Every structure is written in structure tokens, then in C-alpha cells.
Amino acid sequence: MGTWDIGHFDNDTAADFSGDLDDLPAGERAALLSDRLREVAGTGDAYLDADVAVEAVAAAALIAAQCPGGEPVTTPYGPDEPLPELPTDLRPLAVEALDRVLTGPSELLELWGETEHGEPWKAGIVALRGVLTAAGGEHTSLAPGRR
């Protein structure tokens, strides 16, 4: 994965995911976000591939951007096309997916953990989770070892 910074879209996989969203009709974009989140949330204790995790983080960032207190996605690597209003039921799914990204075995968590930027990257994920949770994306709290 080509990565140039710690932002949620600062890597090749997330930028490609943004392009995939732009290629879809507006009415199908929420389904793609949901699919990526479900794929990650459904991995259980299986090893989580970094590319799949990156797409789920990007999806969560797009959902959080529509929440009160959410940061707009303004990076040139995010989607060019505006997203329709997303269903609020994606918020708890996004929280669940983010929790899974931060829980081993997770290749993305391992890769960031091997760098000096691991803690700031993790703080960004936790901040996304906070926005989603505050906006009604309640999910069980992070269990011990899931931080």
C-alpha cells in the first residue's frame, strides 16, 4: 500500500475506493459504504487485511463527515462527487468496523504500529469513532485491549 500521510484518504487504496464511489450512481454509494463496513465488522477473530480495513476507515470517515461535529472530507484523494445523505443506521456499523480495525489480528494496525506515526493514526481513528458515537452510532464500548 502506498501511503504518504496518516489521513484517512492518504493512501492508494483509499484514493482508489473514492474513485469507485465516484463511478457509482448516487443511489448506490451508501450500499458500497455499507458493504465495506460489514466486510470488516464480520471478520470476527480472522486476520483483517489492510486494504479492506483502509476502505472501511475511508467509509467511516465519509459517514462521520455527515454527523454533527464531523470533519468534511476535503482532501483531493476523497470522492469528487458529493455523497447523498447517508442513512443514520450506518453509524453504528461504522463504529463496529473501526473497533475491528483497532483489534488484532489487523494488518493495518500492525503496519501503523511499526511506524513512528502509529499513535497519531490511531488517535484519528478514535476521533472518527467519537464523532460517530456522539451522533447516535452507539456500539458497545471498546473492550480492554481494543484501544
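Which residues lie nearest the centre of the largest pocket?

1. Basis of the model. This is a predicted model, in which local features need pLDDT of at least 70, side-chain atom pairs count only at pLDDT 80 or more, and totals for chains, interfaces and linings use all residues. Residues are numbered from 1 along each chain as its sequence is written, and side-chain values use heavy atoms, with hydrogens and water left out.

2. The largest pocket. H8, A61, E71, P72 and L128 lie nearest the centre of the largest pocket, whose lining comprises 18 residues. A pocket is an open set of points on a 1 Å grid over the protein atoms alone, with protein on both sides within 12 Å along at least five of seven lines; lining residues have an atom within 4 Å of a point. The volume of the largest pocket is about 280 Å³, a volume being the space filled by probe spheres set on the points, with grid points joined across faces, edges and corners.

3. Composition of the pocket lining. Helices α3 and α6 (118-134) each supply at least two lining residues, and α6 gives the most, with four. Helices are DSSP runs (H or I, at least four residues) numbered from the N terminus. By class, the lining has nine nonpolar, seven polar and two charged residues. Here Ala, Val, Leu, Ile, Met, Phe, Trp, Tyr, Cys and Pro count as nonpolar, Asp, Glu, Lys and Arg as charged, and the others, Gly among them, as polar.

4. The cavity. One cavity of 30 Å³ or more is counted, a cavity being a set of points where a 1.4 Å probe fits but cannot get out. The largest cavity holds about 80 Å³ of space. Ten residues line it, and G7, N11, V54, W112 and W121 lie nearest its centre. Both α3 (50-65) and α5 (107-113) supply at least two residues of this lining, which has seven nonpolar, three polar and no charged residues.

5. V54. This cavity-lining residue belongs to helix α3. V54 is buried, at 3% relative accessibility (buried means under 20% relative accessible area, exposed over 50%, partly exposed in between; 1.4 Å probe, protein chains only).

6. Salt bridges. The structure holds two salt bridges, each defined by a side-chain nitrogen of Lys or Arg within 4 Å of a carboxyl oxygen of Asp or Glu. R36 and E55 form a salt bridge at 2.7 Å, N to O. This pair links distant parts of the chain, with R36 in helix α2 (residues 29-41) and E55 in helix α3, 19 residues apart. E55 is buried, at a relative accessible area of 15%.

7. The D99 and R129 pair. In the salt bridge between D99 and R129, the closest N and O atoms are 2.5 Å apart. D99 lies in helix α4 and R129 in helix α6, so the pair ties together parts that are 30 residues apart in sequence. D99 is buried at 1% relative accessibility, and R129 is buried at 12%.

8. R100. This residue lies in helix α4 (residues 90-101). R100 is buried yet has no salt bridge, and the nearest side chain of opposite charge, D45, is 6.1 Å away; Lys and Arg count as positive and Asp and Glu as negative, while His and the chain ends are not counted. The side chains of R100 and T43 are joined by a polar contact of 2.8 Å. A polar contact is a pair of N or O atoms within 3.5 Å; within protein, one must be able to donate a hydrogen and the other to accept it, and residues adjacent in sequence count only if both atoms are side-chain atoms.

9. P68. The loop between α3 and α4 contains P68, which is exposed, with a relative accessible area of 64%.
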